[in-house]
Protein chains: 2
Amino acid sequence: MRVLPVVLTPKKILLIGAGKAAALKARSVLESDCELCIIAREIADDFFVGRRVELKSFELADARGFEALINATGDKRLSQTLWKNRRAYGYLLNCVDEPKFCDFYFTANTRKGDLCVSVSTGGASPSYAQATRDLIAAVIEDGVCRRHEKERKGEVYLIGCGTDGIDNLTIGALKAIKRLEVALIDNLISAEIRDLLPKNCLVINVGKRKNNHLLAQEEINELIVKYARDGKIVGRLKSGDPSIFGRLREEAEFAALNGFTPRVISGVSSAFAACRAAGITPTIRGVSSGALIASAHLRGARFNDDWINLIGKTPYTIIVLMAHSFSAEILKSAKRREVSLQTPCAFTSKIGSIDETVVFGVLSDLESMAARIAKPAVLIIGECAALSYKRL
Amino acid sequence: MRVLPVVLTPKKILLIGAGKAAALKARSVLESDCELCIIAREIADDFFVGRRVELKSFELADARGFEALINATGDKRLSQTLWKNRRAYGYLLNCVDEPKFCDFYFTANTRKGDLCVSVSTGGASPSYAQATRDLIAAVIEDGVCRRHEKERKGEVYLIGCGTDGIDNLTIGALKAIKRLEVALIDNLISAEIRDLLPKNCLVINVGKRKNNHLLAQEEINELIVKYARDGKIVGRLKSGDPSIFGRLREEAEFAALNGFTPRVISGVSSAFAACRAAGITPTIRGVSSGALIASAHLRGARFNDDWINLIGKTPYTIIVLMAHSFSAEILKSAKRREVSLQTPCAFTSKIGSIDETVVFGVLSDLESMAARIAKPAVLIIGECAALSYKRL
């Protein structure tokens with residue numbers, strides 16, 4: 001049954017019964033400004049000790065003047081009587097555990113400030129509704145989604161969005177995204193994350209493609225500050241963690257120097273998401289005592305192999321971002337530096353998406369491995385790459 | 001005003017008016033199994049084109065037989081009349097934008113499967129309620145919080161919880177935590193995260209203190225599998241990202257070999273959270289082309305300095321976890337290896353908490369820096385440490 005959620009303005013409510021079920025309903029009512037009266041033959045739950053309860057048998061005449069009645073006695077004949085007379089007396093009826101005698105159900109609620117969030121399964125599963133309520137209570141916060149007209153001061157967010165999809169996003173990033181009035185995104189931001197942007201948010205794609213920069217970094221910096229000066233809440237969305245090859249410093253510095261203290265939000269780095277996808281732990285006792293995150297691609301599409309000498313010569317797992325286009329160069333450089341071509345490695349791409357791919361091999365396989373996956377890809381090099389817990 | 005959220009079982013509802021405001025209410029009602037009739041003098045919104053609308057002036061007699069009435073005409077005199085007669089006719093009343101003539105308000109709703117979540121601000125700010133609804137819609141998922149009795153198969157989660165607090169937690173981690181029946185935690189898991197565990201979840205502290213292991217790794221592995229065998233949803237909560245010095249492989253391997261494919265959830269690594277707290281970007285074009293995450297502490301409380309030779313000799317920022325207890329040894333080792341003691345560095349601790357501390361300096365200051373912060377601490381070494389965007 002598809003119910004209609006509403007909130008009732010303060011009503012005069014009569015609760016019949018003073019047992020455990022009644023206590024649950026009473027708690028819910030008392031969190032509102034409704035006026036609650038209680039009639040019961042006896043008190044059967046500690047909640048009612050010290051509260052005003054009229055100790056008597058309920059009679060229909062007692063219902064007069066009330067806008068809602070709750071039968072928490074478990075008396076089914078009473079439920080029938082109350083249901084039959086509800087239009088004549090003009091009350092809304094809730095009979096605990098008897099859905100067919102209910103005008104309304106209670107919901108699992110959480111309140112923060114003015115906010116009241118309620119969850120219902122239309123009677124299907126109260127425990128499921130409560131669990132969902134608890135999940136929501138952890139996320140909502142009074143004021144996060146509110147903005148008063150007076151507070152028209154620009155704000156700058158630099159947000160790490162993780163690798164793909166909502167589950168890899170932090171709650172802080174989600175809250176920030178939901179506040180944005182202007183969002184600067186690039187092509188690495190997934191459709192799922194883009195869909196989270198508020199409907200009235202201005203979305204600008206500043207996406208950089210290699211050799212085909214849509215916007216120069218300086219232009220991006222200027223855009224952020226321009227909109228912040230207009231009093232907007234501006235966010236730059238970055239995949240992974242913004243501090244790793246994310247030009248974070250350029251943007252943070254420019255915003256700060258222009259009077260907007262940037263709020264930086266960490267994200268799950270694609271380096272670690274790649275390891276998770278491959279089942280590789282970059283540190284393993286006795287195998288690898290650290291992880292180096294490097295890039296095969298530096299400014300101006302230049303190939304970078306400053307990390308290649310460390311292969312086999314340090315006890316670290318090397319995680320190379322933007323490695324795909326350079327797999328031939330990486331192999332060539334490894335040969336030249338006499339790095340062992342039997343070093344285990346894994347290539348991963350499209351982490352977290354339906355197209356997620358992981359290919360395992362050794363360095364000499366690099367080119368054929370690259371041919372089997374899409375860009376951009378993360379390359380994991382080192383003994384740990386041979387020890388995936390997904391390949392046991 | 002503190003309202004009482006409820007859900008109405010299917011009602012016969014009369015909507016008066018066929019303009020924009022009426023369309024909003026009609027949409028909400030039509031998402032439920034309520035029966036909706038519409039009376040209006042004329043159609044003033046496209047929503048009503050092709051729908052059954054009785055074109056006439058409303059008269060009080062039309063209200064007969066309806067359990068709820070919505071006045072979306074904007075006619076204030078009509079609102080007064082409807083309010084006066086509501087008990088006599090036995091309907092609940094909602095007059096759009098006239099809170100004093102409302103028995104109930106509509107809420108901002110989102111539905112997934114059986115779940116219906118509604119948000120209200122008690123009339124204070126519908127747009128705020130809608131924004132909060134959108135935030136919630138991104139997080140809830142049908143089935144996440146539900147578990148049928150039939151599905152009593154054990155599950156194993158290995159969950160990265162980020163550094164501190166809820167905002168640094170991923171949405172995937174939150175959903176997993178909310179499902180747990182058994183949680184294995186340690187002392188690095190903050191009270192805020194512990195509070196997220198379901199009320200009936202069994203919580204076991206397996207926290208390792210240096211020299212005072214509460215439980216050996218093998219015992220932790222056994223515990224995880226024991227509870228999974230009992231059909232429980234078991235979670236091992238780890239701070240930061242579980243793949244970085246988190247003994248992830250041991251636990252994942254043991255679970256997998258015992259028939260429980262572990263679900264690994266990435267987290268925000270404390271290495272990057274430390275950088276964010278300090279305003280340090282570990283990669284900066286022309287300054288640092290990578291980040292090495294290492295540890296000063298290896299098995300058996302042994303000091304590890306396999307990374308110290310890289311200072312000044314590679315273009316990487318070095319992020320050293322568990323560095324606090326070893327600051328004297330680090331300094332000694334740096335002197336012995338003739339590392340420049342003028343290399344910039346920053347010590348950070350209690351990231352994300354109210355006691356968050358960041359101390360800047362150069363390597364020669366290491367001991368006095370350590371004296372000013374609490375354990376555990378993250379040490380960031382390299383030229384980037386002198387370029388904090390928080391110190392402009």
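**View 1. Burial and overall form of chain A in the predicted model.** Buried residues, meaning those with 20 or more other C-beta atoms within 10 Å of their own, where 12 or fewer would count as exposed, anything in between as partly exposed, and C-beta atoms are placed from the backbone, make up 52% of the 392 residues in chain A. This is a predicted model, in which local features need pLDDT of at least 70 and side-chain atom pairs count only at pLDDT 80 or more, whereas totals for chains, interfaces and linings use all residues. Residues are numbered from 1 along each chain as its sequence is written, and chains are lettered from A and ligands numbered from 1 in the order in which they are written. Chain A holds 11 helices and 23 strands, which are DSSP runs numbered from the N terminus (H or I of at least four residues for helices, E of at least two for strands). Its radius of gyration is 30 Å, well over the 21 Å that the globule rule gives for 392 residues, so chain A is more spread out than a compact globule; the radius is taken over C-alpha atoms, and the rule is 2.2 Å times the number of residues to the power 0.38. Taken along the principal axes, the C-alpha atoms of chain A fill a box of roughly 95 × 55 × 35 Å.

**View 2. The domains of chain A.** An automatic or database domain assignment divides chain A into domain 1 (12-106), domain 2 (152-265) and domain 3 (271-391). The C-alpha centres of domain 1 and domain 3 of chain A lie 66 Å apart.

**View 3. The contact between chain A and chain B.** With contact defined as C-beta atoms, placed from the backbone, lying within 7 Å, the interface takes 101 residues from chain A and 100 residues from chain B. On the side of chain B that touches chain A, helix 4 of chain B gives the most, with 8 residues. The residues of that side of chain B divide into 57 nonpolar, 25 polar and 18 charged, where Ala, Val, Leu, Ile, Met, Phe, Trp, Tyr, Cys and Pro count as nonpolar, Asp, Glu, Lys and Arg as charged, and the others, Gly among them, as polar. Because 100% of the interface residues of chain B are also interface residues in chain A, the copies meet through the same surface.

View 4. Strand 1 (residues 4-8) of chain A pairs in the antiparallel sense with strand 7 of chain B over 3 bridges, pairing being assigned if DSSP finds at least two bridges between two strands. Within this pairing, A:Val7 stands opposite B:Tyr105 in strand 7 of chain B. Chain B can be laid on chain A with an RMSD of 0.1 Å by a turn of 180 degrees and a shift of 0.0 Å along the axis, the superposition being by least squares on the C-alpha atoms of residues with pLDDT of at least 70 in both. That is the relation of a two-fold axis.

**View 5. Backbone details at Pro376 and Met322.** A cis peptide bond, with omega about -15 degrees, joins A:Lys375 and A:Pro376, and A:Pro376 is found in the loop between helix 11 (366-371) and strand 23 (377-381) of chain A. A:Met322, although not a glycine, has a positive phi of about 50 degrees; A:Met322 sits in the loop between strand 20 (316-321) and helix 10 (327-336) of chain A, and counts as buried because 21 C-beta neighbours lie inside 10 Å.

Methods:
Two residues are in contact if their C-beta atoms, placed from the backbone, lie within 7 Å.
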